Every structure is written in structure tokens, then in C-alpha cells.
Amino acid sequence: MNRVWAIAKRELADYFHSPVAYAVAVVFLILGGYFFYNFVSFYHLLSLQPAASRPPGEYLTIAEGVLRPLFENLAFLSMLIIPFLTMRLIAEEKRRRSHELLMTYPVSDAELIGGKFLASALFYVALLILSTAYPILLAGMTEVDPGPLLAGYLGLILTGASFLAIGLLVSCTTESPIAAAVGTFGALLLVWTIGWSTSVAGPRWTPLFESLSFLHRFGRFAEGIVDLGDVVFFVAATFALTVCSIMIISARKWRG
Amino acid sequence: MIEVSGLTKTFSGSPVVNDLSFQIDMGEIVGFLGPNGAGKTTTLRILTGYLPPTTGQVLIAGFDVTKYPTEVRRRIGYLPERIPLYEEMKVRGYLRFVAEMKGVERRRRSDEVERVTRWSGASEVSDRLIKRLSHGFRQRVGLAQAMIGDPDVILLDEPTSGLDPEQAAGFRDRIQSLRGNKTVLLSTHVLSEASQICDRVMIMNRGKLVVVDTPANLDRNFGGSSIVSITVKEGSESELLAGLRALSGVGSVEEIKSSGGERTYRIMCDSGIDPRSGIVRAISVSGAELMELRRESLSLEEIFLELTSDRKDRGED
Ligand SMILES: Nc1ncnc2c1ncn2[C@@H]1O[C@H](COP(=O)(O)OP(=O)(O)OP(=O)(O)O)[C@@H](O)[C@H]1O
Ligand SMILES: [Mg+2]
């Protein structure tokens with residue numbers, strides 16, 4: 001456990017030495033704030049209209065009108081930034097050949113992967129914590145139900161964790177951080193949009209694609225619904241992907 | 001302490017290390033020599049467990065590197081050929097990280113880092129960023145890193161390459177101070193360096209061990225050989241060559257220079273034989289005039305080149 005933490009600490013220090021991490025944080029928070037501002041303004045505009053002139057069936061709550069689109073957009077932003085958080089994790093060690101030395105220390109592959117994952121997860125969670133500024137601002141203006149808020153953040157953490165695990169896995173397969181970022185982005189886009197295939201694949205396959213779709217499952221968190229199945233799905237996906245990374249690292253060692 | 005038997009490593013079909021067997025006892029300092037591409041780095045990487053052997057067995061302190069990698073890693077300190085360090089870290093922070101990796105207890109960590117930093121002569125750069133270090137200091141940090149955790153076996157891949165003579169001497173002194181307490185295997189291209197600090201020397205060429213011996217024995221077996229260079233004028237060249245080659249104890253005769261009627265020959269002579277008077281006689285028989293005669297004993301470097309000379313026909317490196 002000591003070693004996991006040592007690896008994570010060193011990796012976090014690397015984040016703060018790299019302009020990429022700052023760029024990622026700025027993009028995430030500024031775009032997040034921009035979206036937030038738009039949703040609040042739109043909600044404000046709608047709420048000023050008399051009930052009769054609103055679109056039928058649309059009943060307006062803060063959770064529906066502001067939080068849900070905010071969470072959906074933060075999840076989308078996560079998909080954009082996470083490739084940049086994970087691209088260097090293993091690929092950079094290989095590129096600078098420091099893994100030759102790392103592999104001669106008494107550190108296990110699981111500790112190495114665990115430390116790398118922990119570092120990226122801590123950075124991501126720090127971004128999420130900073131993003132709570134928006135809902136806190138909202139709570140200053142009006143009453144906000146904490147339930148959907150907590151559900152949304154739980155969803156972001158779980159989805160983000162599985163995104164990070166995908167990025168880490170891709171980073172294990174290459175010596176080039178850029179290639180890792182591109183590959184990760186492709187993989188994330190695929191798992192995010194796989195639900196869209198339902199219309200092509202036909203109704204028989206709909207449940208399968210929906211159950212695999214990260215977007216679909218995250219959508220329920222954004223609506224404020226915490227479904228145990230969704231929680232298990234993301235935790236299991238994160239775990240399985242991390243185990244795959246460990247296996248790739250151990251297999252790679254035997255190739256030189 | 002290190003036992004290697006039948007070690008072979010092939011990369012895409014061609015053997016880089018070929019049926020290597022040797023033993024190194026506790027407390028010994030052994031030098032590993034060979035020309036570029038001999039397979040020294042590959043062998044050291046296998047000893048650390050970083051590369052798997054294709055066939056053969058490596059035991060470090062009785063542990064098989066492929067079966068008990070963690071036990072082996074606890075007992076080795078390794079300085080790679082081109083030390084990959086984390087450029088953005090400060091020296092002290094980096095060494096602390098290594099101490100954590102090697103499982104040094106938290107309360108002993110600072111002392112341990114302090115100890116190896118002082119020992120390797122890196123104290124004055126403790127607070128500097130690694131990317132700003134000169135090669136000499138990078139190498140010291142690399143050595144410090146290997147010593148953390150007080151491992152029994154130290155593997156050093158060309159520790160003195162690229163160092164100025166003074167720093168290289170400093171490195172050699174440090175390595176020598178480990179004699180008796182640590183088992184050290186170091187690779188180098190410089191035979192005189194190996195013979196100066198090592199108890200034994202292993203000379204490797206194209207993946208095979210050519211010689212394993214003490215520096216003193218190497219010197220005795222090969223060091224007695226000498227080269228006589230002569231410069232002569234006029235006389236019959238063919239008669240001279242025939243006369244020289246007929247002498248007992250003469251290996252080869254080569255013409256190395258010919259200008260203004262003077263010809264210079266290089267004559268290899270076997271150890272324990274002084275053929276100078278015979279050479280002078282052969283010259284006068286051929287009717288030539290002796291202008292100069294010089295005898296030099298073969299240096300260790302030349303022995304090394306002789307032993308590994310088949311590398312010339314490899315066409316690479
Ligand atoms: N991962 C690898 N894949 C393929 N070939 C390799 C690999 N590593 C080393 N080789 C080859 O193995 C041979 C021996 O290399 P090695 O680095 O062990 O030599 P060396 O004795 O350390 O040489 P030097 O003195 O130049 O450091 C070289 O011809 C090299 O090209
Ligand atoms: Mg080498």
C-alpha cells in the first residue's frame with residue numbers, strides 16, 4: 001500500500017509539472033461554468049413565462065432544468081479530458097525507459113497499476129470538487145434538493161472511474177502518449193455512444209446495447225436515480241479493466 | 001551469490017547471449033568486458049529479472065529470478081546503462097521515491113537517502129532538479145539509487161562511461177570500497193579499469209564467455225607477449241621475412257610502414273621469449289641495415305582486442 005501511494009504521489013507531481021494538466025483543468029472548469037450559466041439563464045427565462053404558455057408536459061424543477069443537463073455535459077467534458085489524464089500513465093514510463101529501473105524494484109504489477117489509477121482518479125476527483133462551485137452558487141440563489149445533486153456526482157465519479165480505467169488500459173499498450181490519448185478517445189466515444197446502435201440493430205438487441213451504453217446508465221444518475229445495477233456495472237467495469245491492465249503489464253515484461 | 005547456468009537469450013531467432021555459465025561468490029567484485037553488442041547489457045537485464053531468459057537458469061542468493069522475482073529484486077541494486085531518471089524531480093525527492101519503492105521503513109527513509117547521497121557524492125546536488133544535472137552527477141544519483149536499501153548484489157552497467165578521468169577514478173574507489181560486503185558485477189569496455197578494481201574478469205564476445213580469470217592470471221598468460229618493431233633499410237625483403245618467420249617464438253610479422261626506402265615491421269612475439277638477438281641476426285643475414293628496434297609488452301587493452309578480434313569480420317557495431 002505504501003508503494004501504491006508513492007507511485008500515485010510521484011505521478012500527481014508529474015501532473016502538476018505538466019502544462020497539459022492545467023490546460024485540462026481550465027477547459028473542464030470554464031466550459032463547465034459556461035454550460036451552467038446557459039442552463040441557469042434558460043431555466044430563469046422559462047420560469048418567468050406563465051404556466052399556460054410552457055410546452056405541454058414540461059414541468060420545471062431545478063433538478064430537471066439545471067442539474068440534469070449540467071451533469072450530462074460534465075460527463076461529456078470528462079470524456080474529452082480523460083484521455084489527456086491517462087495518456088502518459090504507463091506509455092511515458094516506457095518512452096523514457098524508466099520502467100527498466102522501476103521493474104527492478106520490489107514492486108508488483110498490481111501496485112504499479114493501482115498507483116497510476118489512484119493518481120489519475122485523485123486528479124479527476126479534484127476537478128469534480130472544484131466543479132461543485134456551480135451547484136453551490138445555485139444553492140445560494142434558490143433551494144436545491146441534495147438528492148439529485150449527490151446522485152449526479154456519484155454518477156460522475158463512477159463513470160469517470162471506468163473512463164480512467166479504459167485510458168489506463170490503452171496507455172499500457174503503447175510507448176507513445178499521443179497514440180494512447182487518441183486510442184482512449186476512440187474507445188470512450190464507442191462506449192458512450194454504443195446505445196445509439198439500437199435503432200440499427202433492431203428491437204431484439206436494444207436491451208443489450210442499452211445495458212452496455214455508458215451514456216444510458218449515466219443518464220439515470222443525471223436524473224437523480226441511483227440504481228444498484230448501474231453502480232455495480234461501473235464498479236465491475238473499472239475493476240475488470242484494471243485487472244486487464246495488470247495482465248498486459250506482466251505479459252509485456254516478458255517481451256523486453 | 002550469483003549463479004548462472006546455461007543462460008541463453010535469443011531476440012527474434014538470433015542468440016545474443018549464448019549458453020553462458022558462471023558463478024560469483026559473496027563479496028567478489030567481477031568485471032564484465034566485451035565489445036559493443038557482446039551481450040553484457042542483455043545479461044545484466046536478465047539478472048535483474050527485467051528480461052526473461054530464453055533458456056537456462058539464474059539464481060541470485062539462491063532465488064531463481066523467474067520464479068521469485070520479488071525476492072531477487074529485494075536483494076539487487078541496478079544501475080542501467082543509460083539511467084532513466086524522472087527529470088522533473090529533485091534529487092532528494094527522487095531518492096525518497098526509490099526508498100519507498102524498495103520498501104525502506106518510513107522512519108529510516110530520510111537517513112537512508114542521506115547515507116547513499118553522501119556515499120555516492122551527490123550531496124551537493126540534493127536540492128537540484130534532475131534535468132539540470134551534469135552527466136557525472138546523474139551517474140552519481142544513479143549509483144545512489146542502486147545502493148538504497150543496502151542490497152547484497154550490485155549490478156552496474158558501464159558505471160564509468162562518459163565520466164572524466166577524475167570522476168571515473170572516484171567511482172572506482174567507491175566500487176572498491178564495497179569489496180567483501182557486496183557482490184558486485186560491473187560491465188565496462190576498459191580492461192585496465194576492470195583489472196584495477198576487480199577480483200575476476202569475464203570477457204564476453206558475441207554472447208559467449210571467452211575468458212574468465214583473475215587480472216593477475218590474465219597478465220601472466222597473455223601479458224608476457226611482446227611486440228618488437230623494427231625499421232630497416234635496403235636488403236632483400238623476402239629473405240628478411242623468411243628469416244624472421246623461421247625464428248622460434250615469433251607469431252606474425254606485418255609490414256606497417258614503408259617510406260623513403262625505410263620499412264617498418266611489427267613482430268608479435270610469444271610470452272616468455274626474447275627473440276631480439278635472433279631478429280638482429282636475421283636482419284644482417286638478409287643484408288638489410290637496422291635503423292631502429294623497439295620492444296613493447298602487450299597491454300591489457302591489446303590482449304582484450306586480440307581475444308575479441310573476430311568482431312572485425314562481423315561488419316556491424
Ligand atoms: N530488445 C532487443 N531486441 C532485439 N535485439 C536486441 C534487444 N536488446 C539487445 N539486442 C541486441 O543484442 C545484442 C547485444 O546487445 P547488448 O546491449 O546486450 O550488448 P552490450 O554488450 O551491452 O553492448 P554495449 O557495450 O554497446 O553496451 C545487440 O546486437 C543488440 O542489437
Ligand atoms: Mg551495454
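The points below take up the ligand site, the metal ion, strand pairing and some individual residues.

1. The structure is a predicted model. The remarks that follow should be read on that basis.

2. Composition of the ligand site. Ligand 1 is surrounded by 14 residues, and the closest of them are B:Lys40, B:Thr41, B:Thr42, B:Glu81 and B:His189. Sorted by class, this shell holds four nonpolar, seven polar and three charged residues. The site is shared between chains, because the residues around ligand 1 come from both A and B. Among the contributors to the shell, helix H1 of chain B (residues 40-48) gives the most, with three residues.

3. In B:Thr42, a polar side-chain atom is placed 2.5 Å from an oxygen atom of ligand 1. For B:His189, the separation between a side-chain N or O atom and an oxygen atom of the ligand is 2.6 Å. B:Asn36 likewise has a polar side-chain atom 2.7 Å from an oxygen atom of ligand 1. Taken alone, the ligand exposes 630 Å², of which the protein buries 67%.

4. The magnesium ion. Which residues coordinate the magnesium ion, ligand 2? The donors are OG1 of B:Thr41 and an OE atom of B:Glu81, at 1.8 to 2.7 Å. This pair links distant parts of the chain, since the two residues are 40 residues apart: B:Thr41 belongs to helix H1 of chain B, while B:Glu81 sits in the loop between strand S6 (76-79) and helix H3 (91-101) of chain B. B:Thr41 has a relative accessible area of 17% and is therefore buried, the cut-off for that class being under 20%. B:Glu81, at 30% relative accessibility, counts as partly exposed. Both residues are also listed with those closest to ligand 1.

5. Strand pairing around S1 of chain B. Strand S1 (residues 2-11) of chain B pairs with strand S4 (residues 55-60) of chain B in the antiparallel sense, over five bridges. S1(B) also runs antiparallel to strand S2 (residues 14-24) of chain B, and seven bridges join these two.

6. Positive phi values. The hairpin of S1(B) and S2(B) has two residues between the strands, and B:Ser12 takes a positive phi near 40° there. B:Asp19 is a residue other than glycine with a positive phi, near 50°, and is located in strand S2 of chain B. A further non-glycine case is B:Glu234, with a positive phi near 55°. B:Glu234 is placed in the loop between strand S11 (226-233) and helix H9 (237-246) of chain B. Its relative accessibility of 51% means that B:Glu234 counts as exposed, as the class begins over 50%.

7. A position in chain A. Is A:Ile62 buried or exposed? With a relative accessibility of 11%, A:Ile62 counts as buried. A:Ile62 lies in helix H3 of chain A, which covers residues 62-86. From A:Ile62 to A:Ala126 the separation is 64 residues in sequence and 25 Å in space, taken from C-alpha to C-alpha.

Methods: Residues are numbered from 1 along each chain as its sequence is written. Chains are lettered from A and ligands numbered from 1 in the order in which they are written. This is a predicted model: local features need pLDDT of at least 70, side-chain atom pairs count only at pLDDT 80 or more; totals for chains, interfaces and linings use all residues. Side-chain values use heavy atoms; hydrogens and water are left out. A residue is near a molecule or strand if one of its heavy atoms lies within 4 Å of it. A polar contact is a pair of N or O atoms within 3.5 Å; within protein, one must be able to donate a hydrogen and the other to accept it, and residues adjacent in sequence count only if both atoms are side-chain atoms. Accessible areas come from the Shrake-Rupley method with a 1.4 Å probe; for residues, only the protein chains shown count as cover. Helices (H or I, at least four residues) and strands (E, at least two) are DSSP runs, numbered from the N terminus. Ala, Val, Leu, Ile, Met, Phe, Trp, Tyr, Cys and Pro count as nonpolar, Asp, Glu, Lys and Arg as charged, and the others, Gly among them, as polar. Donors are N, O and S atoms within 2.8 Å of the metal (3.2 Å for Na, K and Ca); water is not among the atoms, so sites may look incomplete. Buried means under 20% relative accessible area, exposed over 50%, partly exposed in between (1.4 Å probe, protein chains only). Two strands pair if DSSP finds at least two bridges between them.
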